[in-house]
Amino acid sequence: MKCLVFGTTGQLGIELAQRSPAGVELVALGRDVADLTDPAAIADAIARTDADVIMNAAAYTAVDRAESDEATAMAVNGAAPTAMARAAAARGLPFLHVSTDYVFDGTGSAPWPVDAPTGPLGAYGRSKLAGEQGIAAAGGQYAILRTSWVFSAHGNNFVKTMLRLGTERETLTIVGDQVGGPTAAADIADALYTMAAAFHRGTGRSGVYHFSGAPDVSWADFAREIFRQAGLAPAVTDIGTADYPTPARRPGNSRLDCRETQAVFGISRPDWRISLQAVLAELKA
Ligand code: NDP
């Protein structure tokens, strides 16, 4: 199976490159050859590929910056995946894309089912939702994998921020009223390869799927586990979202109901605490 992947430098793009299973050939395109603000370049790459499956690991992920730059977020997260899905559909190729818990408004405390009404609180969520809608309307085979709280040894993420702050400070205040599933980029990469294989052998089913690490926790409790595993001991105090103002509003409830992903693809929620051990070991090495 040959996979054409958009995105080489992000958390997910790096893990897709590092974890391609035996029998999978990967062709990964970076910004230099496929800029996501240029839909024609994307369509051209897909029109010419001899790959069996198309995946998108690239996105505009700067949640706060998107509030003042929604046009770029919309181009990269809305128009580009839509162009990918249309070009893939024209070739009869399955398209796998990654989306986010930020398409939801974060109310309540129950895990969001895949068909729950969306209601993004900010520009990033709106742009990712536009991508989802464009893909679904493109008429081809697709899977949209919504995930949350992504971490890895690469790029900027909460784990790396906490490791830095945990060595710099003795006390930290961290948001305790946002709850979700931390998810290792490595686990998302593995899930995408499993889904790609299913589509390749004809057992995939188009739709929206959820995938996040278990158990669900608050950011404060995520931080406590990072510090425990890293042997750091700053005192962590929970604060409310209201006490930590950011340009973009964030959902309080990011729990994702992942049962559909298990039922259709046999992919279960990974224990993020085990994946965190691997990331900390990678950072140490
Ligand atoms: P990163 O921010 O680590 O990487 C983003 C990637 O997108 C980089 O390779 C970047 O390339 C590329 N990119 C951005 N703009 C363009 C552009 N105009 N043209 C070409 N490439 C571009 O993202 P993650 O790996 O963390 O995210 C993977 C997926 O998961 C995304 O779909 C994201 O929306 C989703 N997600 C992420 C979450 C998180 O916590 N990070 C949470 C929930 C979902 P370059 O290096 O050149 O800028």
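**Salt bridges and backbone geometry in a predicted model**

Aspartate 64 is partly exposed, with a relative accessible area of 25%, where partly exposed denotes the range between buried (under 20% relative accessible area) and exposed (over 50%), as computed with a 1.4 Å probe on protein chains only. The structure is a predicted model, in which local features need pLDDT of at least 70 and side-chain atom pairs count only at pLDDT 80 or more, whereas totals for chains, interfaces and linings use all residues. Residues are numbered from 1 along each chain as its sequence is written, and side-chain values use heavy atoms, with hydrogens and water left out.

Side chains of opposite charge can pair when their charged atoms come close. With a salt bridge taken as a side-chain nitrogen of Lys or Arg within 4 Å of a carboxyl oxygen of Asp or Glu, the count comes to 15 salt bridges. In one of them, aspartate 64 pairs with arginine 250, and the closest N and O atoms are 3.0 Å apart. This pair links distant parts of the chain, 186 residues apart, since aspartate 64 lies in the loop between strand S3 (53-56) and helix H3 (70-91), while arginine 250 lies in the loop between strand S12 (235-239) and helix H8 (259-265). Helices (H or I, at least four residues) and strands (E, at least two) are here DSSP runs, numbered from the N terminus. Arginine 250, at 22% relative accessibility, also counts as partly exposed.

A further salt bridge joins the side chains of glutamate 70 and arginine 126, at 2.9 Å from N to O. Glutamate 70 belongs to helix H3 and arginine 126 to helix H4 (residues 123-137), so this pair ties together parts that are 56 residues apart in sequence. Glutamate 70 is partly exposed at 25%, and arginine 126 is partly exposed at 34%.

The side chains of glutamate 132 and arginine 146 likewise meet in a salt bridge, at 2.8 Å from N to O, and they connect helix H4 with strand S5 across 14 residues. Both partners are buried, with relative accessible areas of 5% for glutamate 132 and 3% for arginine 146. Elsewhere, salt bridges that share partners join Lys2, Glu25 and Asp50 into one network.

A cis peptide bond, with omega about 0 degrees, joins alanine 214 and proline 215, and proline 215 is placed in the loop between strand S10 (207-210) and strand S11 (217-218).
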